[in-house]
Amino acid sequence: MSKRSLLGWFLLTVAAITSASSPTLQAATIPAEHLKFFEQKIRPLLVKECYECHSATAKKLKGGLYLDSKAGIAKGGESGKPLFDSGNPENSLLLKLVRHEIEDEEMPPKKKLTAEEIANLTTWVKLGAPDPREGVVIEAKRADKTWWSLQPLSKAQPPEVSELKSKLKQVSKANRTQFDLKAWQENPIDRYILAELAKKDLQPNPPAERRALIRRITYDLTGLPPTPEEVAAFEGDKSPDAYAKLVDRLLASPHYGERWGRHWLDIVRFGESNGFERNFIIDNAWPFRDYVIRSINEDKPFNQFIIEHLAGDVVGKDKPDTEVGVAFVTLGPYDDVGNQDKVAAANIRAATLDDMVTATGSAFLGLTINCARCHNHKFDPIPTEDYYRIKSVFEGAKHGARVLTTAEQRKEHAEAVKPLNEERGRLIAAKTKVEKEIVERGKKLEAVAMPRPAPSPRKTDEGFAPVKARYVRFEFLATSSNPASGVGGKLEEVQIWSGERNVALAINGAKAEGTKSRDAKDFANAYDVNLVNDGKFGARWFIGSPAQLTITLAKAEDIDRITLFNNYTGPDDRVIAGAAPAVIEYEVFTSLDGKDWHKAADSFDRKPFTSALANERITRRATTDEDRKQLAELNQAIAQVDRKLRAIPPLPTAWVGSFRQPDEPTVVQKGGDPMKPGDIVKPSSLNVLEQVTKSYELDAKAPEGARRLELAKWIVSDENPLTARVLVNRVWHYHFGTGIVDTPSDFGFLGGLPTHPELLDYLANRLHASGWKLKALHREILLSQTYQQSAEFRESAARVDKDSRFLWRFPTRRLSAEEVRDTILLLTGKLDERMGGPGFRLYEYKSDNVSTYAPLDKVGPETYRRAVYHQSARASVVDVLSDFDLPDNAFGVPRRAKTTTPLQALTLLNYSFTLDMAAALAERIEKEGGSNDAVEAVQRAYTLAFQRQPSKHELKTAVALIEAHGINAFCRALLNANELIYLE
């Protein structure tokens, strides 16, 4: 890496940013989640419904429109109109055509796409229509059961050394390097790599320098940089096992679990809000995150880990540390709004189960099973019955939290609460006895005349004798849903009349006071008491406790009437959903000084709006002073018991879902439509793997837990070639930046082909041999010369393999979002290394009917933990992490997007967090490097940040920067240096 002057870099950065006045989006790599959406939802739809008329293979091209290539879509048809409207995606021509909104131009012409298909196209257009198709035409093909990933694991031996020597000698002189062939012969991994390099007329790089290597592996295994002392010790250790000791030390670090646990959380779509419309926060999902980190640190066998993900409650009953693994099933987003419409409710449930099927297929098997939901998979040999076989496993799963504890803890808790609950039961029984006696007396009372009509939820007028008042107080005693209290009622408007003038209006100087029962943090004035006298209808005050409203008039007025509105625009006097509950019992008091009050009116002589209110009125009349005394004493005693109960710590809960026996057998849903049931399917293994893996089939009414356990066992069977292949490919992907298969969650026809298929199977066999433990696999990969080689760029090699997929050099990479933030915190001495427990938030959470997540402009020490502990709500955007491609885990993210944007530079340069950290770094450097010596300060800063000493030129320019602008400016520049966030 070139070492340009920090001062020069700083000035160039500022100049580049300030001169970029009109940034435009540039072509970039399609984000992994967008690519996955296109391949799973859009490409199959285009092939099925559009290619017949709009492709190079169409018998007769219609409208001059090609939909079988990116270029064809961009060109459009004969009309010359663009298919997409970037300013208003919903108004795009393509969507109008498939929605059949343009007469005589409907697409397809003979039928309309399903609602789900149109919704998928709409989502695609809103994403910017990502399209990886570069050719003129993509021919629709499909795999069969002979597809490479569906075959048994190969037992072939690594290439022979003699064979390698012969092939390497044939590499052209321009591509030869000074690598140590003897060192590359020892590890079978290296022999596989060498064999493929030789085929490409390439040789690998020599070993990396030690500083680069320890930075590489320390970040790789822990997500944190090495300390200057660790670098110095490694550089000075000349023993032959120095590097092996480093590998073992890092694998034993608790930070290893934090780093590799974060990888797994990406894959299993871990998120801490439910997504969809409401997107409420989930505060007890973190135990699963801690379970993942703990399991990986413990090197738990991954076959056991997967079984716990699918059936942790079955194999780990009463063992919270194991049972929590089953949270995987219900980690995904789900729609909790609910719907009274039978069809809509069925579709919501189907979508919820689809998430579980999708996550299981992609995370463990690398199969897009979800593509067989509506029909046989278009590209892989997966029949639609396979989709419903997996769906049947999850039919009993429900999202939510439940108690997660040991049997002993439950017993202790039950013993603690039992005597208190028994005492409470006796008190409730005594209270009920008194209330029954009151009711019996009430039945014997004479009826009271109630000549006036009941209060109207729409509009209630209440007249009274004229009185002079400055203050008017309303006591709300009952609502349409609660005959005993006005709390929770809603009022749209209150009017107080002096002749023909409404003197209660705020614009006339009146002021309303009262508490509200509901608070919307994202809309400060929502449900507020001021809504009752703003002169507007629609918004309502939600009455709080006490259920009391006081209107202070601008001055004393002669008043003789009040009007209450609950739903003025309603069609009649019924209580309307959304406006309910309405106030149906009240008293009105007036005062001149706000101290001496007199009743002006009440609703007691009005007919009761509900039978419950009628009974409540009778109860009030029949209640004696002695009754009131008894009830008060009993209520006080009950409250005391309740306080004791609350003092007992509740049993811990976690978002692990709940499971019950399904009511009905699972059936194939024709076309993916829940309202079109087909044949019954049984919980069983997938047909797609029946030729290589022992099959199983359960009864259609098999116990719910047995379904999940049998599926889990089948997935982790050593006979199943997919699970091990997918897992070791993920490990390779995270070590080298790209997997042997570059689509880690898709080993089907639309996925990538392996660059080193024999190596992939070798690693899978090694995983089996190690008992499914990952640390042994890590160690073998990390000790390879392939991993230890330098990242030096060679133009001749790049012409053959520009991305180093065949690993002629170690691929350079930028730090991940979490690594960037964690590095800055560690560098400045601010990182809080506490592990586990509830996470922190880099946003302000506001929730009412829906939730919003506002990024914090300023963060404090409570957020200085490792980023893996951030409470990762879906659809939340937070500075630094989101800027550097932290994914929104609406579904599994097997491969993160890699973007380079102006916002990343701006965030590191100007965000308050970065400025605070620059000041903290300056403070640390002054303490450790000498407060009066700029040279020592620069040397200490370089040692901390880059684990090296500055060059003479860097030292000179850095000292000049400090002298001209202060040490804070120097530290700010240091935190923006490429060398800090890029690895070789």
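Predicted model: local features only at pLDDT ≥ 70, side-chain atom pairs only at ≥ 80, totals over all residues.
Local features need pLDDT of at least 70 and side-chain atom pairs count only at pLDDT 80 or more, whereas totals for chains, interfaces and linings use all residues. Residues are numbered from 1 along each chain as its sequence is written, and side-chain values use heavy atoms, with hydrogens and water left out.

Searching the whole structure gives 36 aromatic pairs; rings of Phe, Tyr and Trp (its six-membered ring) pair if their centres lie within 6.5 Å, with planes under 30 degrees apart counted as stacked, over 60 as edge-to-face and the rest as tilted. One of these pairs joins Phe474 and Phe476, which are stacked at 6.0 Å centre to centre with 10 degrees between the planes. Phe476 also pairs with Trp541: the ring centres are 6.3 Å apart and the planes stand at 65 degrees, so this pair is edge-to-face. This second pair links distant parts of the chain, 65 residues apart, with Phe476 in strand β3 (residues 459–479) and Trp541 in strand β8 (residues 541–542). Strands (E, at least two residues) and helices (H or I, at least four) are DSSP runs, numbered from the N terminus.

Phe474 is buried, where buried means under 20% relative accessible area, exposed over 50% and partly exposed in between (1.4 Å probe, protein chains only). Phe476 is buried as well, at a relative accessible area of 3%, and Trp541 is buried at 0%. Elsewhere, ring pairs gather Trp264, Phe270, Phe288, Tyr291, Phe302, Phe305, Phe328 and Phe364 into a cluster.

Charges over rings come next. The charged end of Arg458 sits over the ring of Tyr568, 5.4 Å from its centre, and Arg473 lies over the face of Phe589 at 4.9 Å from the ring centre. The criterion is NZ of Lys or CZ of Arg within 6 Å of the ring centre and within 35 degrees of the ring normal.

Helix α8 (residues 188–199) packs with helix α23 (residues 757–769) at an angle of about 170 degrees, their axes 9 Å apart. Pro188, Ile189, Tyr192, Ile193 and Glu196 of α8 make the contact with Glu758, Leu759, Tyr762 and Leu763 of α23, contact meaning heavy atoms within 4.5 Å.

Finally, Asn370 is placed in the loop between α16 (342–365) and α17 (384–393). Asn370 is buried, with a relative accessible area of 6%. Leaving aside neighbours within four places in sequence, Asn370 is in contact with Gln40, Asp354, Thr358 and Tyr387.

Conventions. Axes fitted to C-alpha atoms, helices over the stretch in contact; angles between N-to-C directions.
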